[in-house]
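Subject: Handover of a structure and its findings

Dear colleague,

Please find the structure below, followed by an account of what was found in it. I would be grateful if you would read the two side by side.

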Amino acid sequence: PGEVCTWTVLAGMDAHQAGATGSGGRRAKGMVLQCRARNGRHAKDGRSVGRGLVVASSTGRNRSGVQTPHSGYHFDGTDRRFFEGWYFRVTMPESGESFALIYSVEDPLGNTPISGVGAQVMGPRNGYFVQYDKRTADFWAQRNKLALGCTFKAMDGIQKRRYTDMVGEDQFRREVKEGFQSGTYQHQGRLVATDVNKALGKFSNPYLEAMQRPAVSTVPSCSWSFTTKPVYGWGDPSSQRATAGWLAALPAFEPHWQIMMAHGVSSGWFQWGDECFEFQDAPTYAEKNWGGSFPQKWFWIQCNSFDGHSDLTLTAGGGTRELPILPGSPEEDVAMIGVHCDGQFYEFVPWNGEVDWVVSPWGMWVMHGENEDFEVFVEGTALPGDGVVLRAPTLKDGLVPFCKDTFSGQIRLKLVHRRSSQTVIEAGSSTGGLEVGGGPWWDTWAAKAAMKEPLRSLVKLPIDVGKAIDFVPEGLKPFVAPPGL
């Protein structure tokens, strides 16, 4: 168990045989693959013929052997307003185009008018896709690891069933006509567009109407299958961190945010309408949110495809969040900047330094951060016509148009050592992810992160909730451990 073997695929599989839809599949090129062997055996000539989890090899090292905190599903089984959402982005190495898989479940008990499961996909050239179903019983997710999925429709002649964990690629292809599954290493899906407005009713947001891009599907169907090798989680290679600190294990913030994989590489294919995109070692990113609803106002910057820097990744963002753990549930404006490069992690958060920003309703993102040793400058720009309107979970209306994203943002990043004034990192990219959401907000947002006490002091305490739970007897862990941790 855990041993790794490698082999070369000499013959590819036709895209249609792999579950793609549309016209004209191409044969995959030969590639070196890596397999984490499980229940394997070997042929007489030493070739592995065991079953295993196939992961694309990469020149980058896998430094994130431990999954990040909060990779699991956070639903606690109560009837409170709840959503959880997952986001996976893959950037094509040659064209610079990106795909994003965006899954969400709301009010999983199915007990409210806005209960439902959504699967959104951002595609090339401002493409967009959504499939939505109000039935939440067919959604599943693992409590203690990254694994989730939903079967919207089973194959003809196959009884529809609710899975509880990832299944093999062949089994998914045989049994699931419309649905998805995603985990740390494997992603697979087949979707057919639906009209979300029929399920939830039309939603009018003057901020998004001004953007003149409705959140409706631009292709009738899409499908995909790819494997991922994580390179960076979140934090130092030796210790994965909660993005918001250890307090994220408590109901301290509304909503919560966790970067699960700041950088990885993926290989596989996407079928986008009639187009088939094959890729190898494509930069990949993953994050998630959970809570009652998305913030009323937020922004986001992400890039792990910098020009000339294969081992550099940036994630930054900020917003107005609620603090339900404090009397009166006050709000605060917070932001953070995180940079991974050459095995080092540079973190700029309100409890170890300062973070400020100037962000326009669309087109300009400027951030600056300082900690004891370093200073960071981030700048992002987007053209007026760029971007796709996406849906996001909201408190009263459910999954409705509430934000705008682009994958063609111009990004500039500079990291400076404060004492020596030496530039440590200076890089740029034309494939940055940029987002604004919530609102409506019409004016430029200029602010400085201001984390309220006593939370600012408490989050600095050297507490590792995960390690503390390791000392709890196994029989008591389900009652003590927070879900999702």
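Ala 282 is buried, its relative accessible area being 0%; buried means under 20% relative accessible area, exposed over 50% and partly exposed in between, with a 1.4 Å probe and protein chains only. This is a predicted model, in which local features need pLDDT of at least 70 and side-chain atom pairs count only at pLDDT 80 or more, while totals for chains, interfaces and linings use all residues. Residues are numbered from 1 along each chain as its sequence is written, and side-chain values use heavy atoms, with hydrogens and water left out.

Ala 282 belongs to strand E14; helices (H or I, at least four residues) and strands (E, at least two) are DSSP runs, numbered from the N terminus. Not counting residues up to four places away in sequence, Ala 282 touches Val 90, Thr 91, Pro 93, Gly 264, Val 265 and Ser 266, where contact means heavy atoms within 4.5 Å. Pro 93 is 189 residues from Ala 282 along the chain, yet their C-alpha atoms are separated by 5.5 Å.

Ser 266 stands opposite Ala 282. Strands E13 and E14 (residues 275–291) run antiparallel and are joined by 13 bridges; two strands pair if DSSP finds at least two bridges between them. They form a hairpin with 2 residues between them, and Gly 273 in the turn has a positive phi of about 60°. E13 is also joined to strand E12 (residues 221–232), again antiparallel, by 10 bridges, with Phe 226 opposite Gly 268. Strand E13 (residues 256–272) is largely enclosed by the rest of the structure, because 15 of its 17 residues are buried.

Thr 151, in strand E9 (residues 147–154), counts as buried at 4% relative accessibility. Beyond its neighbours within four places in sequence, its contacts are Asp 138, Lys 160, Arg 161, Tyr 163, Val 176, Glu 178 and Gly 179.

A nonpolar core is a set of buried Ala, Val, Leu, Ile, Met, Phe, Trp, Tyr and Cys residues joined through side-chain atoms within 4.5 Å. The largest has 46 residues, of which Tyr 87, Met 122, Leu 247, Phe 253, Leu 390 and Leu 455 touch the most other members. A second, separate core of 36 residues includes Phe 75, Trp 86, Val 90 and Trp 290.

Helices H5 (465–470) and H6 (477–480) are the elements that give two or more residues to the lining.

Yours sincerely
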